[in-house]
Amino acid sequence: MLVIQNTLSGKKEEFKPINPPHVSMYVCGPTVYDYFHIGNARSFLISDMIRRYLEYKGYNVKFVMNLTDVDDKIIHKSKKENRSFSQVADTFTQAFFEDIEKLKVKPATLYPKATGHISEIITLISNLIDNGFAYNIDGNVFYNVARFKDYGKLSGKKTDELEVGARIEINNEKLNPLDFALWKKAKEDEPSWNSPWGKGRPGWHIECSAMSCKHLGDTFDIHAGGSDLIFPHHENEIAQSEAATGKPFVNYWMHFGFLNINEEKMSKSLGNFFTARDILAKYPAEAIRMFLFQTHYASPLNFSEEAIQAAQKGLEKFTNLVDKINSELSAPSQAAPMTDFDFPTFYSAFESTMDDDFNSPKAIAVLFDFIKEVNRKITESPSLNSGFYLKTKEFLEKTAIGVFGITSFEKEVPASSGIEDKLIELLLSIRATAKKEKNFTLADQIRDELLNLGVAIRDTKDKTLFKKV
Ligand code: AMP
Ligand code: ZN
């Protein structure tokens, strides 16, 4: 039985999807104004692990992650760089996809963009105005927090206490300091769309209510994100969606702990961040995943390169076993008797840890125990039946690979090894020697055959240059 710590109730609850075997899951994705950092990556990788485990359990997961592609930070950057807001958003949307692919994140079912849902957002805001939950002041539309009696139910915050805190930033345009923008009136040289309230653009919170409702329905199973989003973002999403539909918005709210640096949240604004790109240039995705999954998703986690190196070291046990299995299975099969090994016990240990609110560190400890037992078996018995290796491989494929993505049976030649370029240089130096020795047949043969392989060369006064065409 899978239990999930639900932020809404503050308790662990048995997971009962609305329409099994289907599971609907929404995760707040990136604001595409820069490369994402390894703290953001924690959210993307944890939600990937949760989705993969739900699939392991046989659920069919519709996984939606939004891309915030219009917002103050994007506009600010576009002005600074003298580019359009959509050029900035496109650049970093593409970078986001490249980086999550390198991190071995399974692609979401959908990545809806805010700018692709303006009409849904306008319909939702109109509904809120019609029902008295929102008001328009001169082209700015605000949510009327006082009208929604459940406001604060996710974060546990009380509106009267919040009001005291918010008093300093009282904004004359709003009725109440807690009210938040649904539609922002267009400013000079900012992106805008037509609406019943004049030209403007959507606020951040409303995009998630509009997109999750469109793609997952009025009520869906799981909504997740970093714990910085509980208030106000997720509290506001609830207020918007439940006021509009009159139905519960989400059944299970999951929030992930921060990735910290020196006990402080990693964030762009504090400047204490490493981009996922920089870390990927130094460490394989498997090491980063292992580092993140060896801590429970809800706990804070301190980032250090030493911790990633330690995770990478731990992965050697997996790689050694994978290599052993690959070599045993490529050799002719042994006519040895079937080996007795308690696979079911390891499967159930793995499942019972993961069923307990996705306790990945404990599940990884089960995998280490498994490797230890398998290695013991291999040392004890000189020849083992190939069925044993096949079952060991299947176990690792389902758990370490399928759920965590921390190892692989496919050997990858690192793209950055540079071996290709070095071989081309080697051929060019052989060609240079051939030319010196007046062996023009060989020199021309090297040039022509390189061209056949898509490498064009050009002789300059003191060097031969090459280009991949
Ligand atoms: P953003 O692009 O800032 O909207 O953030 C994208 C996701 O990363 C959100 O789910 C945030 O909650 C999450 N996030 C941001 N900083 C951290 C951090 N230091 N640790 C964990 N998650 C984070
Ligand atoms: Zn959101």
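Buried means under 20% relative accessible area, exposed means over 50%, and partly exposed lies in between (1.4 Å probe, protein chains only). Keep that in mind for the tour.

This is a predicted model, in which local features need pLDDT of at least 70, side-chain atom pairs count only at pLDDT 80 or more, and totals for chains, interfaces and linings use all residues. Residues are numbered from 1 along each chain as its sequence is written, chains are lettered from A and ligands numbered from 1 in the order in which they are written, and side-chain values use heavy atoms, with hydrogens and water left out.

**Stop 1: the domains**

Color the chain by domain. The assignment gives domain 1 (3-265), domain 2 (313-401) and domain 3 (419-468); such bounds come from an automatic or database domain assignment. The C-alpha centres of domain 1 and domain 3 are 56 Å apart.

**Stop 2: the zinc ion**

Select ligand 2. Cys-28 (SG), Cys-208 (SG), His-233 (NE2) and Glu-237 (OE) coordinate this zinc ion at 2.0 to 2.7 Å. Donors are N, O and S atoms within 2.8 Å of the metal (3.2 Å for Na, K and Ca); water is not among the atoms, so sites may look incomplete. Along the chain, the donors follow the spacing C-x179-C-x24-H-x3-E. Now pick out two of them: Cys-208 sits in helix H6 (residues 204-216) and Glu-237 in helix H7 (residues 230-245), 29 residues apart. Helices (H or I, at least four residues) and strands (E, at least two) are DSSP runs, numbered from the N terminus. Cys-208 is buried, at 0% relative accessible area. Glu-237 is also at 0%, so Glu-237 counts as buried.

**Stop 3: ligand 1**

Move to ligand 1. It has 16 residues around it, the closest being Gly-39, Asn-40, Asp-228, Leu-259 and Met-266. Here, a residue is near if one of its heavy atoms lies within 4 Å. Show Asp-228: a polar side-chain atom lies 2.5 Å from an oxygen atom of ligand 1. For Asn-40, a polar side-chain atom is 3.1 Å from an oxygen atom of the ligand.

**Stop 4: Phe-36**

Select Phe-36, in the loop between E3 and helix H1 (38-56). Its relative accessible area is 5%, so Phe-36 is buried. Not counting residues up to four places away in sequence, Phe-36 touches residues including Phe-44, Phe-96, Asp-99 and Leu-103. Contact means heavy atoms within 4.5 Å.

**Stop 5: Ser-24**

Finish at Ser-24, in strand E3 (residues 22-27). Ser-24 is buried, at 11% relative accessibility.

Conventions: Polar contact = N/O pair within 3.5 Å; in protein donor to acceptor, adjacent residues only side chain to side chain.
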